[in-house]
Amino acid sequence: MASPKHPEWAAQICDVPAQDIRDLAHRMGTSKTMINMAWSMQRAEGGEITIWAGLCLACVLGQIGLPDADFGYGYGSAGSVGRPHKVYNWPSVPQGQNPVQDYIPVARVTDMLESPGGSYSYNGQARTYPDAKLVWWSGGNPFHHHQDLIRLDKAWRSPQTVVVMDHSWTATARRADIVLPTTSALERDDIMINRLETAMLYMSSAVSPYGQSRDDYDIFSDLSLRFGTQAAFSEGRSAEEWQHTLWQACQTAGSSQGIELPDWTSFKTQGLFDFSGTGRRQIQMEAFRKDPDTHRRATHSGRIEMESATIAAMQLDDCPASPEWRMPVESLCDAAQGQFHLLSGQPDTRLHSQNDTGGPSKRSKTQGREVCTVHPDAATAHGVVNGDTVKVFNDRGACLAGFGSALICAPIVSHCPPGLGWIYAKWMAK
């Protein structure tokens, strides 16, 4: 194989002609180039290295901190990058002080349940997993996004008690010992205040709470009463009184920043307060480029590090001291004949798994199941047609899917696809 310094090496990995890679490099180096990377690049094997490589590419181009160029990650959705308005720090409900300082990364919940008292490394530190006897899960669904559901399903049975608070009968709620049904956003009055948005919303309830569902605040308030801590928890306020208190604090904060908010009653009546006209242009690392000593980065050197001595000292097998391409554990690079490259994109008819019971999401399914598509040649070879139910499986698990219109794309190639951490699967008619 050619040296990594030559485009021929990359051409074999990403199935892009070497000359096209040369031409792209020339264009990027002789014109303004914005390196923009989505969250999906990080949510894969070695994803942090991929994002790091993109940042280093922007550094090599010399365009960090320049208008219409620079580097973006989660553009428009993460932080304030790509949002042409000022970020306001609005007040929030007091969080108190948790006397328990221990924690684990959420992605390691299965490891924690499997190995209580076991050791693991996190950010260069040696840490110990707690022995979790009780799991209390509120407002989340780990069985939707965890890496290995078969392992999680087995480990989830080890705690003595699992409590889930949710407004939907999720896979996690179905595996709970106790389910506390909560109201959805349509069943309660609330306010939407976000430091990244240019509007504030009063979210009045559209329907009454279903069955025995209750607001999260009311549930925790009653629990605090049983523990004898309700006075400290609620400070004598109902949910609406807390909203009013927060709004008054927002009025004070807004006034100090040149924004005059309406009174509480007027805000509830009008439902929306828009201050989008207060925007300003922001260039992510402009200040750092102009004065890197004053505007240091959160690294050991205070600069953007293309090679990290901190990471090198950790001696991690799966994270090098500088970005580099590594052979994925699973990919079409070494897939057997007949194996497929499975891509799971964001659905058009819902947000993640939310609102899956809604009409648009239901109408997008085939025989009540999520639709999968493959190349027309692959569909013909496996004898599947629109409307069939197919089984998608690999060595770790399987699921049923509806077969929809075949995806029109280039024929499957033998070279590696771009990116890291793809899962491959076989398709077969039920």
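The model is a predicted one. In its largest nonpolar core there are 16 residues, and the count of aromatic pairs comes to 14.

**Nonpolar cores**

- Among the 16 residues of the largest nonpolar core, those that touch the most other members are Val-109, Leu-113, Val-135, Trp-137, Trp-156, Val-162 and Val-164.
- At least two residues of this core come from each of helix H5 (109–114), strand S5 (134–138), helix H7 (149–155) and strand S6 (161–166), and H5 gives the most, with three residues.
- Once its neighbours within four places in sequence are left aside, Val-109 is in contact with Ile-104, Trp-137, His-146 and Leu-152.
- Another core, which lies apart from this one, has 15 residues, including Tyr-88, Ile-191, Tyr-202 and Ile-259.

**His-146, a contact of Val-109**

- His-146 has its place in the loop between helix H6 (142–145) and H7, and with a relative accessibility of 12% His-146 counts as buried.
- Neighbours within four places in sequence aside, the contacts of His-146 are Ala-107, Val-109, Thr-110 and Leu-152.
- With one of these residues, Thr-110, the side chain of His-146 also makes a side-chain polar contact of 3.2 Å.

**Aromatic rings**

- The ring centres of Trp-9 and Trp-325 are 6.0 Å apart and the planes stand at 85 degrees, so this pair is edge-to-face.
- Trp-9 belongs to helix H1 (residues 7–14), whereas Trp-325 lies in the loop between helix H13 (309–314) and strand S11 (340–342), so the pair ties together parts that are 316 residues apart in sequence.
- The two partners fall into separate accessibility classes, since Trp-9 counts as buried at 19% relative accessibility, while Trp-325 is partly exposed with a relative accessible area of 33%.
- For Trp-264 and Phe-267 the ring centres are 6.2 Å apart and the planes are at 40 degrees, so the pair is tilted.
- An α-helix has 3.6 residues a turn, so residues three or four places apart point the same way.
- Trp-264 is buried at 8% relative accessibility, and Phe-267 is buried as well, at 0%.
- Ring pairs join Trp-264 and Phe-267 with Tyr-202 and Trp-247 into a cluster, and Tyr-202 is also one of the members of the core of 15 residues.

**Charges over rings**

- Arg-175 lies over the face of Phe-143, at a distance of 4.3 Å from the ring centre.
- Over the ring of Trp-242 sits the charged end of Arg-237, 4.6 Å from the centre of that ring.

**Helix H4 and what follows**

- The 15 residues of H4 should span 21 Å at 1.5 Å a residue, and the end C-alpha atoms of the helix are 22 Å apart, which agrees.
- Buried residues of H4 include Ile-49, Ile-51, Trp-52, Leu-55, Cys-56 and Leu-61.
- The partners against which the buried residues of H4 pack are helix H2 (18–30), strand S1 (35–37), helix H3 (39–42), S2 and H13.
- Just after H4 comes Gly-62, with a positive phi of about 75 degrees.
- Asp-70 is buried, with a relative accessible area of 4%.

- At 57% relative accessibility, Gln-367 counts as exposed.
- Apart from neighbours within four places in sequence, Gln-367 is in contact with Gly-387, Asp-388 and Thr-389.
- A polar atom of the Gln-367 side chain lies 2.3 Å from the backbone oxygen of Gly-387.
- From C-alpha to C-alpha, Gln-367 and Thr-389 are 7.7 Å apart in space, and they are 22 residues apart in sequence.

Terms used. Residues numbered from 1 in each chain as written. Predicted model: local features only at pLDDT ≥ 70, side-chain atom pairs only at ≥ 80, totals over all residues. Heavy atoms only, no water. Core = buried A, V, L, I, M, F, W, Y, C linked by side-chain atoms within 4.5 Å. Buried < 20%, exposed > 50% of the residue type's maximum accessible area, 1.4 Å probe, protein only. Helix = DSSP H or I, 4+ residues; strand = E, 2+ residues; numbered from the N terminus. Contact = heavy atoms within 4.5 Å. Phe/Tyr/Trp six-rings, centres within 6.5 Å; stacked < 30°, edge-to-face > 60°. Lys NZ or Arg CZ within 6 Å of the ring centre and 35° of its normal. Polar contact = N/O pair within 3.5 Å; in protein donor to acceptor, adjacent residues only side chain to side chain. Expected span 1.5 Å × (residues − 1).
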